[in-house]
Protein chains: 8
Amino acid sequence: MKKTSVRTRVLTGTVAAAALAAATVGAVSASAESTDTPAVPAAAKADTQNKNLAPSSGLTIDAATRAAQAALDAATKAGQHVSVAVVDRDGVTRVLLKGDGAGPQAPVSAERKAFTAVSWNAPTSELAKRLAQAPNLKDIPGTLFLAGGAPIQSKGAPIAAVGVAGAPSGDLDEQFAQAGVAELAK
Amino acid sequence: MKKTSVRTRVLTGTVAAAALAAATVGAVSASAESTDTPAVPAAAKADTQNKNLAPSSGLTIDAATRAAQAALDAATKAGQHVSVAVVDRDGVTRVLLKGDGAGPQAPVSAERKAFTAVSWNAPTSELAKRLAQAPNLKDIPGTLFLAGGAPIQSKGAPIAAVGVAGAPSGDLDEQFAQAGVAELAK
Amino acid sequence: MKKTSVRTRVLTGTVAAAALAAATVGAVSASAESTDTPAVPAAAKADTQNKNLAPSSGLTIDAATRAAQAALDAATKAGQHVSVAVVDRDGVTRVLLKGDGAGPQAPVSAERKAFTAVSWNAPTSELAKRLAQAPNLKDIPGTLFLAGGAPIQSKGAPIAAVGVAGAPSGDLDEQFAQAGVAELAK
Amino acid sequence: MKKTSVRTRVLTGTVAAAALAAATVGAVSASAESTDTPAVPAAAKADTQNKNLAPSSGLTIDAATRAAQAALDAATKAGQHVSVAVVDRDGVTRVLLKGDGAGPQAPVSAERKAFTAVSWNAPTSELAKRLAQAPNLKDIPGTLFLAGGAPIQSKGAPIAAVGVAGAPSGDLDEQFAQAGVAELAK
Amino acid sequence: MKKTSVRTRVLTGTVAAAALAAATVGAVSASAESTDTPAVPAAAKADTQNKNLAPSSGLTIDAATRAAQAALDAATKAGQHVSVAVVDRDGVTRVLLKGDGAGPQAPVSAERKAFTAVSWNAPTSELAKRLAQAPNLKDIPGTLFLAGGAPIQSKGAPIAAVGVAGAPSGDLDEQFAQAGVAELAK
Amino acid sequence: MKKTSVRTRVLTGTVAAAALAAATVGAVSASAESTDTPAVPAAAKADTQNKNLAPSSGLTIDAATRAAQAALDAATKAGQHVSVAVVDRDGVTRVLLKGDGAGPQAPVSAERKAFTAVSWNAPTSELAKRLAQAPNLKDIPGTLFLAGGAPIQSKGAPIAAVGVAGAPSGDLDEQFAQAGVAELAK
Amino acid sequence: MKKTSVRTRVLTGTVAAAALAAATVGAVSASAESTDTPAVPAAAKADTQNKNLAPSSGLTIDAATRAAQAALDAATKAGQHVSVAVVDRDGVTRVLLKGDGAGPQAPVSAERKAFTAVSWNAPTSELAKRLAQAPNLKDIPGTLFLAGGAPIQSKGAPIAAVGVAGAPSGDLDEQFAQAGVAELAK
Amino acid sequence: MKKTSVRTRVLTGTVAAAALAAATVGAVSASAESTDTPAVPAAAKADTQNKNLAPSSGLTIDAATRAAQAALDAATKAGQHVSVAVVDRDGVTRVLLKGDGAGPQAPVSAERKAFTAVSWNAPTSELAKRLAQAPNLKDIPGTLFLAGGAPIQSKGAPIAAVGVAGAPSGDLDEQFAQAGVAELAK
């Protein structure tokens, strides 16, 4: 992709709409939900010169899936029925797996543990201890201060997290979550 | 697992609690979330003689993951950025994948398309046509009448569904969803 | 992954749609909400050979209703005004009864107690004690750690639960819930 | 406004609290959720002389259960898998039954159909026709304008409603709902 | 209103629809939202012979408004800025007043205090004390265990409640709520 | 109240906290919910010289209550069972009345009609017509495009609105809402 | 109640609709969302003579933005990644900034801290201490009792609040929030 | 999958926790909410060699604020009272401004328009036209198909969007949104 000045790179919506209209002629079907996004890596490479933009990194879906699968496999090997979630730095779920035999409370628990781990960049077993000092942290919407969430980091910064729920103890859940994190270091 | 009479198989909660208390002595850690469920297949086999119970079938997490992955792979091969969901007959999400570059509207769209497909046992492209006759069907909570959802059936009954969202057209989304369904017939 | 001959059993959505279209010619009325599901037992019997599927068991609506009614009858006999819920292993309500004179807080309390009991496979009176070790368990959405919920088990695994709310004490509520569970052992 | 001698009948909360405190000494257990309501019929009889109160009527739980069961039986006899709800004049669910094989969309559909029928005192098949004139009625929260809801009346006033969902057509659903209503006239 | 047999009093929805259709010819405007309910007291009088129905009593809107206004006046006289809610036995709000200068947290607090008071038939100052024994009572949706809610009773049974929020202390709030309850005894 | 420079009038929270701490010594009871707001009119008068602040006007609770009562009285006189809501310019409910015999759909309908009227400064009967040109306006959360909402204006600007719901037609509802608006012009 | 001559100032909705209809001829486009409100200050000036209205004051968007920006700048200078919210006296968000690198839990935390500060007119670090006496205050919807919220006052009354979240300690968050409040005193 | 040397870059959660514990000794105050994220740009630069990660770009808060302010200024210059939102590619709000005099429906409308524009990479005026072909697109949660949203693009890919609501027409709203987008090209 050629490098262009900031002005042409950051198009106004009007121009974009025109381009899109052209692009979709004959292609938009009766249930059109297009995004038409170019490949994300390509776009990001050139953006480093756009002063309006800050680069960031996120797990690929391939990596996120491997982490989730590794966590689930660890649980299955231990004879436990769990759910596993991988959420990104924005708290958005990238992967959710409800394992065989996992209870109805497990998926949302897994997501919230992961959300909590990525928000504070620490395993939820550690974060649960902080409640002794700041008990109302747990009133923040979307959080769950139970062992079972583990952050995935890149140079120390949280970029995602794995959450596991359903084992007889949070410590077991977190052990499985850590197996998911460890998978990415292989 | 030995077969026992109905009376001993369907225990009262009191007895169950006692059993559980025994089982968890020394095992329940500080974040106990136990379910202690025996292997699901084993339990179900014996249940056929319990008149209180009806047998049913659901996708294994392994099958659900393969279906979701196949749908995502089909989309990726076509250069599309999508989210994929597999929901079971109860409308509960078993697998959710938010693919690279998929928009923020995609995960919930995928889940709702799958929910809709499993609820009425038909692809959502077909179901969307029914709105001509019954336009208010789409007001039922949790549904989305856009192409992209495809049921997974066992002997004609819906046991799960695959939902895909994010491609420029619902027809493309549904093509990917069908690739997920087809994976299970291999 | 082993390939199994399930081609004819697990149809793709496309084929299903065609079958459905045929089946519904002349039959779909102006408010069509069809499911067209064959009898569940029949489907499940054959599924034991489909490697993509795991068999499971759930209460029949007849059993669930008997359990709920028995719990309500026990409460009425004791002069208490309660609500009763029976939820399945997925946490979905199968039966809800709001008894005469039950307060507005009772139905949702009954459902949550049952949800909690089926999630951890123990009476909620037992589960409430676990909060001493893991106080944040009660922050999991959908749960309520008050006596009054009792699991229904099959070979030790939780397949459903009865929840009761509205009596002057949770112990009374749970006594009624256990009466519901006991009904199924008759 | 006329002053009436209701001092002894309408107690202040302070006095009530005292009475309650006395009543519950030694009785309130660790999970107390008491209501301590005297029998509803007794209270209502005397209330006709209290100018602050208006008498009303509602289905007994026994009648509501019979209506729901009759609707479900009618559906089962017709080979349909449905959910049934009975809601009272306040739109509160008194009975909910999720029948065997009913889809995940069925329970909430049944409740909303019943809510709609009791709100406008007409079967939802009739109400759906009104949308031709007032299309935005269907945007009112909690409503669903699909055939399948039928009001239960007392001297022409709506006191409850039965809602059914899950059959291949709303007309079938409403036929089953009417069977529930008819049961109460026996 | 003439007394009729149960059969004709509890009409099926089909008949009701027919009657309604006749009644609304030429009268239903473009935004029809009819209920067409006959006067509630009249209907209720005759219902005492219908075995499907249980009589109950609720505050008239006139009484509910007087109670709310009296509570607000008491607060204003004391120089406090509060919100006041009156909810019925079903937990439904009959009157809500957001007084001048009341904070954004006050209306929902007032409603929840009233909901709590009517659910357990006691002032919330009393109910808050019960949490020492049953701390998880406060996890029931819709409740708020803060002083400021007072039940309105008829022969000891809760038929409604007044909730007040916004004063510097819950004790003050409850004093105003009791002024509302007391108004109905005049 | 003395006039002070901007600096002393807009205190930092730290100073405010100190003042508050002093003010509440010995006064904060066990359920403290203080706001400690000085009289609103007094504060607003002096604020006209604070460049950070913009003056605005809102209905007093007395005026809002009179408007709501007038609307309800008009409905009652016409033999209709309705709910009435008065919302302010921020869309916050100031008064809600659920009249005798009003259906469960009425309160939320009344609030949404009022919300819609105050948002676009026109009666909802007029606004409903605009949907012909902009049909998706009705998808904005909190709105309801049904006749029955009427704005209350001050020099042409919307400062509040009255919403009514429950009569057999929206035109009737709006007639009652206008009676509420008209009351304020007396 | 005194009758005042506000006939011309408080118009009925009918007249307003007529005026609006005239005003929008030729101007309402296909996506009309008009408010047509005259300048707020002008309207407010004359309102002081309307007995139905109470004057109030709120931050201008300019002031609110300056406060939020000052809080964010203070955090950035300290090397912290935070979100900042400014809410008005009605609890409505006027400004929300999600700073670079702020976690997913930060925006809602910032809003709730500000909501809490404006509701009780005190910094949330002070309010958190009050929970020792009234622990259930924190169950009021929309609140968060964590340091980081600071009220903006006018003559002692709360007119808005700044909330900050994301720093390693609530004390730091509140320091930044106070920097936002202080900006308005410049 | 190729194994890459990312051991030191992608730490396991356990190691991360240890690092964090060290880092926060003496620093975590009573309301600790730390994230401790290193500067985002630094982290991202090195990540280009981690095969688990995909680089992406987002607006800086500075750019997002400038865009929002430019949109608001354009509206103010045109005499319109609006709300402005800037959301990122994940649909998360980065900046929200509720302008002076904007109605209560405006903030959520602005956010949803921006969400819609970023989801499909086109102005909402264009997207609204697509409903002619795919009317149910508008049922996707979080969307609003009204003119007023405009995408911000980088090399054709959507990285954020500006949404505006409150002007008398969506066309005006979108003109202001485009002014916000254009600001970033300066």
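Read along its sequence, chain A of this predicted model follows the pattern α-α-α-β-α-β-β-α-α-β-β-α, and its secondary structure comes to 7 helices and 5 strands. Of the 186 residues in chain A, 63% are buried, while the chain exposes about 5800 Å², of which carbon and sulfur atoms supply 58%. Among the contacts in chain A that link residues at least 6 apart in sequence, 64% join residues at least 24 apart.

The model as a whole scores ipTM 0.80 and pTM 0.85. For chain A the mean pLDDT is 81, with 74% of the residues reaching 70 or more. Over residues 1–46 of chain A, however, the pLDDT is below 50, although this stretch has 107 contacts in the model beyond near neighbours in sequence. Where pLDDT is low, the predicted coordinates should not be read in detail.

Chains A and B both contribute strands to an open sheet of 8 strands, in the order S4(A)-S5(A)-S2(A)-S3(A)-S3(B)-S2(B)-S5(B)-S4(B), with antiparallel pairing. Its edges are formed by strand S4 (149–154) of chain A and strand S4 (149–154) of chain B, each of which pairs on one side only. From one strand to the next, the twist averages 15°. Within the part contributed by chain B, strand S2 (residues 83–88) and strand S5 (residues 157–165) pair in the antiparallel sense over 6 bridges; B:Val87 has B:Ala161, in S5(B), as its bridge partner.

Two helices of chain A are placed against this sheet. Helix H4 (residues 61–77) of chain A lies across strand S2 (83–88), strand S3 (93–98) and strand S5 (157–165) of chain A, together with strand S3 (93–98) of chain B, and runs at about 30° to S3(A). Helix H5 (residues 106–120) of chain A packs on the sheet by touching S2, S3, S4 and S5 of chain A, and its direction makes about 155° with that of S5(A).

Because its relative accessible area is 13%, under the 20% limit, H:Thr60 counts as buried. Leaving aside neighbours within four places in sequence, H:Thr60 is in contact with A:Lys51, A:Asn52, A:Leu53 and A:Ala54 of chain A, with G:Asp100 of chain G, and with H:Arg94 of chain H.

Key. Residues numbered from 1 in each chain as written. Chains lettered and ligands numbered in written order. Predicted model: local features only at pLDDT ≥ 70, side-chain atom pairs only at ≥ 80, totals over all residues. Heavy atoms only, no water. Buried < 20%, exposed > 50% of the residue type's maximum accessible area, 1.4 Å probe, protein only. Contact = heavy atoms within 4.5 Å. Pairing = 2+ DSSP bridges. Helix = DSSP H or I, 4+ residues; strand = E, 2+ residues; numbered from the N terminus. Axes fitted to C-alpha atoms, helices over the stretch in contact; angles between N-to-C directions. pLDDT = per-residue confidence, 0-100. Areas by Shrake-Rupley, 256 points an atom, 1.4 Å probe, with all protein chains shown as cover.
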